[in-house]
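Please read this briefing with the sequence and the model side by side.

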Amino acid sequence: MSFTADRLLLFGATGDLAQRMLLPSLCALDHDGLLDPELKIVGTARSEMSDAEFRNFARAALERFLPAGRRGGMADFLNRLSYQALDATTIEGYDALAKKVGTPQKGLAIFLSTAPSLFEPTIAGLQSAGLAGDNVRIGLEKPLGTSLETSEEINDAVASAFSEDRIFRIDHYLGKETVQNLLALRFANIMFEPIWNSNYIDHVQITVAETVGLESRVAYYDDSGALRDMVQNHMLQLLALVAMEPPTSFDSTAVRDEKVKILRALRPVTAGETVTGQYRAGAIDGQAVPGYDDELGKDSDTETFVAIKAHVDNWRWNGVPFYLRTGKRLPKRVTEIVIQFRCIPFSIFEGKGAKTQPNRLVIGIQPEENVNLSLMAKVPGLDRDGIRLRPVPLDISMPDAFAGAVRRIAYERLLLDLIVGHQTLFVRRDEVEAQWEWIDGIRAEWADESLTPKTYSAGSWGPSAAIALAERDGVTWHDE
């Protein structure tokens, strides 16, 4: 749908995500002149609150989570806001909500950030109140189910009211600048595409490491675990962007068609190609931290770490392993993609100092946004044994390369695209289902083999078995 909405309805408007990400993102967009002057924003949640009280609530969130330099015009932004309390489980309150939203002149965008159990009654309520028409699009925050079956139930409920071109499934990693830059790196530069295949690439590593433990996500995380929380969505989207074929254009259909081909080409994982772990007490940045069971307050078999050796069964990637690794309470917070190229076929250089190392491309996504290409170069000076070689980095720091550019919250990009109707950075239903089918296969393999998480100390890089998973192939995880 090509309309630009002049109404935005935020479900879960008093929740943690709204305070930390949604309201700051919208205020920042307004500050930069990217919101239509006519856009009105209606928040809804269970809490009883007047418009003025909601604006005060929003002001407190902005002062806490939005940098001072991006709060210019905050008063004008707050004037866009209004509020309507709603019990999403009952149909009665939706007429009052529709009255509060009013009649959009251009269109309505809805951001649904609620528990998955509320999706079906919310969709039914929106339909009953006339808030699901052709000029309405809806953004869905994860989790979209806990399996293929539950995901299909949610998608069926949403599809009963909204056509696929009006459904925007959110994976906030796709809003990150460096994730989008991965597409530019691959498809706006001629040097990489000829060697972006199994002839030249030895393996790929994708790491999403966190130093935090459970924080405020106790109930959700123990039901989910690392596989469903991180691998099913963020990591598989990164893998798809690395592995996809060049799309014919940057429109939503072309890009997502190529991603889903990769997801469907993922080989089922065997028990020997995966390692799970759960952290025990240890230290992060020199500070003692408790183990998972201690934080949870009970014994649990939920994994807080998972490593997987994956394969994409197609011509481009035949024989190239993709090593995926994610976990909590790891030594540092980092999200990165490592493209390890093969060794040169023959070296013309001789001598102890002339040993070559294969090139490596490291794409840093967070906390630092950078691209580092390691190349072999001659060490300056003279040597009796001949030329000495050493790997040197070509290092591009995105903040330095684009000095003065605003470092944006990922949700700024996604909220703006929801409002104007650009679907490229959102996940299509067939992508979600392909992701869940692969993840369900892994969980079934764990169950068949009665696998339980191995322990690792907080502050380490996970169970030793994860190191062995890569090293038996002669691969070392990139931990630097």
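P143 is found in the loop that runs between β5 (136-140) and α6 (148-159), where helices (H or I, at least four residues) and strands (E, at least two) are DSSP runs, numbered from the N terminus. This is a predicted model, in which local features need pLDDT of at least 70 and side-chain atom pairs count only at pLDDT 80 or more, while totals for chains, interfaces and linings use all residues. Residues are numbered from 1 along each chain as its sequence is written, and side-chain values use heavy atoms, with hydrogens and water left out.

**Cis peptide bonds**

- The peptide bond that leads from K142 to P143 is cis, and its omega is near 5 degrees.
- Another cis peptide bond joins Q366 and P367, with omega about 0 degrees, and P367 sits in the loop between β14 (360-366) and β15 (370-378).

**Positive phi in loops**

- R329, a residue other than glycine, has a positive phi near 55 degrees, and its place is the loop between β12 (321-327) and β13 (334-341).
- R329 counts as buried because its relative accessibility is 12%, given that buried means under 20% relative accessible area, exposed over 50%, and partly exposed in between (1.4 Å probe, protein chains only).
- S450 is not a glycine either, yet its phi is positive at about 55 degrees, and S450 lies in the loop between α13 (429-448) and β17 (454-457).
- S450 counts as exposed, because its relative accessible area is 59%.

- Strand β8 (residues 274-280) pairs with β11 in the antiparallel sense over four bridges, where two strands pair if DSSP finds at least two bridges between them.
- Within this part of the structure, G277 has F305 of β11 as its bridge partner.
- β11 also pairs with β12 in the antiparallel sense, over seven bridges, and A307 has R325 in β12 as its bridge partner.

**Helices α8 and α9**

- Helix α8 (residues 218-243) packs with helix α9 (residues 252-264) at an angle of about 110 degrees, and their axes are 9 Å apart; axes are lines fitted to C-alpha atoms, for helices over the stretch in contact, and angles run from 0 to 180 degrees between N-to-C directions.
- That makes α8 roughly perpendicular to α9, since angles under 35 degrees count as roughly parallel, over 145 as roughly antiparallel, 65 to 115 as roughly perpendicular and the rest as oblique.
- L236, Q237, L239, A240, L241 and A243 in α8 meet K259, I262 and L263 in α9, where contact means heavy atoms within 4.5 Å.

**Helix α12**

- Helix α12 (residues 410-420) is mostly covered, with nine of its 11 residues buried.
- The buried residues of α12 pack against β1 (7-11), α1 (16-31), β4 (108-112), β5 and β6 (167-169).

**Cysteines**

- The structure holds zero disulfides, a disulfide being a pair of cysteine sulfur atoms within 2.5 Å.
- C27 counts as buried because its relative accessibility is 1%, whereas C343, at 58% relative accessibility, counts as exposed.
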